[in-house]
Amino acid sequence: MRVELAYGLDGLQVDLPDNTDILRSKYVPAVTDEKAAIQDALRHPIGSVALHDRVKPGDRVVIVHSDITRATPNDRMLPVLLAELEDAGIGRDDITLLNALGTHRPQTDSELRTMLGDGIVETYRCMQHDAFDDANLVALGRTSHGNPVRVNRTYMEADVKILTGFIEPHFFAGFSGGPKGVLPALAGAESVMTNHGTAMIADTRATWGVTQGNPIWEEMYEVAMMTEPTILLNVALNAEQRIVGVFAGDLLPAHIAGCSFVRKTAMIPVTDPYDIVVTTNSGSVSYTHLRA
């Protein structure tokens, strides 16, 4: 049989034996109105009061967003979030959008515009994290594992810290989203390397779908809470990269809710391990849009 795998921009055609099992995540239809769903989540967050009630005019706000290696629909999420902040009296000059690169390379101007939209890039202060810039990293001590913690200075100096992203199963962090918005996203290079180091990844609990007891996720959570984030805004996506769930609120309960949803919709149970598995990383962020 011939199967098309999500790979790069154009996909990859592979020929497989006729007795091959094809495993696909459960299809979940997109929410009817993405803007309304995000607004509702911000106005009725999990374990928290509404965003409008957590900010005041004059607050310095930093919004952390995923970089271009992630499928987070920044261009659809951020305008709604920004409108909520402005309705609460936050001036545009008091808002910084921070590209959470981790140790990845910075985005070009063209890439930022693709990710965020021209309007945001031209209207708001947009910065990019640099894990190797000592001057813009703040030391927070060490984690319970003894690993050093340094985090982006601009983020740490904000009055309001908003983490955004999307949740999917992650092969050693359990799930993406949640505390990953700080570590590795805004951390110094040494913090990333120790968290992603051999000793941590070798732990059998550092695997798909496991957060509690997973040393990598637990250290991510520990570091994120050191920074006292104000609110989390995460989404879940279907195979078409449309929003199927929105989870906002205090970091832990909102992330737990999102992970529970994604576990039921994106993870497929199997009775026994396969001898051979052929898979991909779901292709380029633009893959599904180009194939639609």
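Contact here means heavy atoms within 4.5 Å. The model is predicted, so local features need pLDDT of at least 70, side-chain atom pairs count only at pLDDT 80 or more, and totals for chains, interfaces and linings use all residues. Residues are numbered from 1 along each chain as its sequence is written, and side-chain values use heavy atoms, with hydrogens and water left out.

**View 1. I63 and its surroundings in the largest nonpolar core.** Skipping neighbours within four places in sequence, I63 is in contact with L78, L81, L82, L85, I95, T96, L97, L98, I162 and T164. A nonpolar core is a set of buried Ala, Val, Leu, Ile, Met, Phe, Trp, Tyr and Cys residues joined through side-chain atoms within 4.5 Å; buried means under 20% relative accessible area, exposed over 50%, and partly exposed in between (1.4 Å probe, protein chains only). This core has 34 residues, and I63, L85, I95 and I162 touch the most other members.

**View 2. The F171 and F172 rings.** Rings of Phe, Tyr and Trp (its six-membered ring) pair if their centres lie within 6.5 Å; planes under 30 degrees apart are stacked, over 60 edge-to-face, the rest tilted. With centres 4.7 Å apart and planes at 75 degrees, F171 and F172 are edge-to-face. F171 is partly exposed at 48%, while F172 is buried at 9%.

**View 3. W217 over Y221 as a stacked pair.** Here the ring centres are 5.4 Å apart and the planes sit at 0 degrees. W217 is buried at 3% relative accessible area; Y221, at 23%, counts as partly exposed.
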